Amino acid sequence: MAMQVSESDQIKQFKEFLGTYNKLTENCFMDCVKDFTTRDVKPEESSCSESCLQKYLKMTQRISMRFQEYHIQQNEALAAKAGLLAQPR
């Protein structure tokens, strides 16, 4: 049973990853690719898509850091509150 839960979680995470990847790809493609008259990717399209990806990665990293900071603050506040409640008056 534990193996099934783990496998199920892995499948769910992979589906979430694919959804995020598809959204990112679509957004960057729509923003960067403008000319369909040639099969080659133009240098400006390539640099635009690379920049788009870098912005997304930086944004994701920053959100993750802020999320961690928020949880640390919440845990500290809960610990302080629990410490105050545990002390006799």
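Guide: A term to start with: helices here are DSSP runs of H or I with at least four residues, numbered from the N terminus. Ser51, for example, is found in helix α2. Keep in mind that this is a predicted model.

Visitor: How many helices and strands does the protein have?
Guide: There are two helices and zero strands. Helix α1 covers residues 2-32, and helix α2 covers residues 43-86.

Visitor: And what share of the residues is buried?
Guide: Of the 89 residues, 6% are buried. The protein exposes about 8,400 Å², with carbon and sulfur atoms supplying 59% of that area.

Visitor: On to the cysteines. How many disulfides turn up?
Guide: A search of the whole structure finds two. One is formed by Cys28 and Cys52, with the sulfur atoms 1.9 Å apart.

Visitor: What is the handedness of the link of Cys28 and Cys52?
Guide: That link is left-handed, with -80° about the S-S bond.

Visitor: Are Cys28 and Cys52 buried or exposed?
Guide: Cys28 is buried, and Cys52 is buried too.

Visitor: What about the other disulfide?
Guide: Cys32 and Cys48 form that disulfide, and their sulfur atoms are 2.1 Å apart. This pair also links distant parts of the chain: Cys32 belongs to helix α1 and Cys48 to helix α2, 16 residues apart.

Visitor: Why is the disulfide of Cys32 and Cys48 called left-handed?
Guide: Because the torsion about its S-S bond is about -70°.

Visitor: Is Cys32 buried or exposed?
Guide: Cys32 counts as buried because its relative accessibility is 7%, and the cut-off for buried is under 20%. Cys48 has a relative accessible area of 27%, so Cys48 is partly exposed.

Visitor: What is the pairing if I number the bonded cysteines in sequence order?
Guide: The pairing is 1-4, 2-3.

Visitor: Back to Ser51. How far is Ser51 from Cys32?
Guide: C-alpha to C-alpha, Ser51 and Cys32 are 9.7 Å apart in space, and in sequence they are 19 residues apart. Ser51 is partly exposed, since its relative accessible area is 35%.

Visitor: Change of topic: aromatics. How many pairs does a search find?
Guide: Three aromatic pairs in the whole structure. One of them joins Phe29 and Phe36, which are 6.0 Å apart centre to centre with 50° between the planes, a tilted arrangement.

Visitor: Which residues do ring pairs link into a cluster?
Guide: Phe14, Phe17 and Tyr21. Those residues, together with Leu18, form a nonpolar patch on the surface.

Visitor: What accessible area does the patch have?
Guide: Phe14, Phe17, Leu18 and Tyr21 together have about 420 Å².

Methods: Residues are numbered from 1 along each chain as its sequence is written. This is a predicted model: local features need pLDDT of at least 70, side-chain atom pairs count only at pLDDT 80 or more; totals for chains, interfaces and linings use all residues. Side-chain values use heavy atoms; hydrogens and water are left out. Buried means under 20% relative accessible area, exposed over 50%, partly exposed in between (1.4 Å probe, protein chains only). Accessible areas come from the Shrake-Rupley method with a 1.4 Å probe; for residues, only the protein chains shown count as cover. Rings of Phe, Tyr and Trp (its six-membered ring) pair if their centres lie within 6.5 Å; planes under 30 degrees apart count as stacked, over 60 as edge-to-face and the rest as tilted. Patches are made of residues with over 30% relative accessible area and no salt bridge: like charges are joined within 9 Å, nonpolar side chains (Val, Leu, Ile, Met, Phe, Trp, Tyr) within 5 Å. A salt bridge is a side-chain nitrogen of Lys or Arg within 4 Å of a carboxyl oxygen of Asp or Glu. A disulfide is a pair of cysteine sulfur atoms within 2.5 Å.
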